[in-house]
Amino acid sequence: MTGMNDKDPRNLLMQHREYQRRAEALQQQISMVGLSVQDCQRAIATIEGLENEKEGAHTMVPIGSGSFVYAKLDMLNKVVVNVGAGISIEKSVPEAKETLQKRKNELDKILEKMNATLGQLAQGMQSIEAQVAALQQGVQSGTL
Amino acid sequence: MSTQIPPQVQNQIAQLQQVQQQAQSLAIQKSQMETLQKESELALEELEKLPDDAVIYRTVGDLQIRSEKQETISKLKEKIETLSLRVQSISKQEERISKRFNQLQEQIQQSMGQQAQ
């Protein structure tokens, strides 16, 4: 956020555009991280929900396009968790919940930082808008 | 405006823009490779903590295939090595592109300076 004292309207406009571009890109990233947080939360809720179910209970497995095939629940004391790079590891229910909770906490922290940066960019844009408004006022009062 | 710029300088500016696009494309590629590398390193860390008889699955297309710990670890190490080499190669390309960018920038500045005189 340097160069804020620059009074050249063209530079101010370029800075404003750059901040806007960065803010839009950041907004997109925030949406994606937000979806990952929701995904984590949904997985934790599913694991917790399954704790009340018995082995052999009837369920349905999604196969896409809103369609399902029938299945029976098995090995409810185990959860297979993706750890990235195409690798999944079988974990006990408490371990799986802990892994997912840690992941969610990390994503929450990232989201917090991103929102703070977005706030700074918004402030930067507002500051430029105020400078431009002041310059316009100066020009108008000079011509009157 | 463009009619005042000599064709030679216009050509240099076009080259500069092309080089800039190449640099942006390389930066994106490098960032993607680094992300994959980091992800693989974290997965490797997780795997190394597990006992040898741990149940592990590897994604193959839409399927999850049961795999042995040691085999998965060596495949992941190979993947990290390949990604690291690609990152190094992109970094070298970036250096070359950066030099070319500076060279063109200087040439344009000189040409514009001569034109102003």
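I began with A:Ser65, which I found in the loop between S1 and strand S2 (67–72) of chain A; helices (H or I, at least four residues) and strands (E, at least two) are DSSP runs, numbered from the N terminus. This is a predicted model, in which local features need pLDDT of at least 70 and side-chain atom pairs count only at pLDDT 80 or more, while totals for chains, interfaces and linings use all residues. I noted that residues are numbered from 1 along each chain as its sequence is written, that chains are lettered from A and ligands numbered from 1 in the order in which they are written, and that side-chain values use heavy atoms, with hydrogens and water left out.

Is A:Ser65 buried or exposed? A:Ser65 counts as exposed because its relative accessible area is 78%, where buried means under 20%, exposed over 50% and partly exposed in between (1.4 Å probe, protein chains only). I also looked up its backbone and wrote down a positive phi of about 55 degrees, although A:Ser65 is not a glycine. Most residues other than glycine have a negative phi.

I then turned to A:Met75, which sits in the loop between S2 and strand S3 (78–84) of chain A, and whose phi is near 45 degrees, again a positive value in a residue other than glycine. A:Met75 has 44% relative accessibility and therefore counts as partly exposed.

My next entry is A:Met60, in strand S1 (residues 58–64) of chain A, which is partly exposed because its relative accessible area is 44%. Which residues does A:Met60 contact, leaving aside its neighbours within four places in sequence? I listed A:Phe68, A:Val69 and A:Tyr70, taking contact to mean heavy atoms within 4.5 Å. From A:Met60 to A:Thr117 I noted 57 residues in sequence and 43 Å in space, C-alpha to C-alpha.

The C-alpha atoms of chain B fill a box of roughly 80 × 25 × 15 Å along the principal axes. Its radius of gyration is 24 Å, whereas a compact globule of 117 residues would have one near 13 Å; the radius is taken over C-alpha atoms, and the globule rule is 2.2 Å times the number of residues to the power 0.38. Of the 117 residues of chain B, 26% count as buried, and among its contacts between residues at least 6 apart in sequence, 69% join residues at least 24 apart.

Within chain B I picked out B:Gln37, which lies in helix H1 (residues 7–49) and counts as buried because its relative accessibility is 15%. Not counting residues up to four places away in sequence, B:Gln37 touches B:Ile80, B:Leu83, B:Ser84 and B:Val87.

Last, I looked at where the two chains meet, and how many residues does each chain give to the contact? Chain B gives 15 residues and chain A gives ten residues. The area buried between chain B and chain A is about 1000 Å², with carbon and sulfur atoms giving 60% of it; buried area is the accessible area (1.4 Å probe) that two parts lose on being put together, summed over both.
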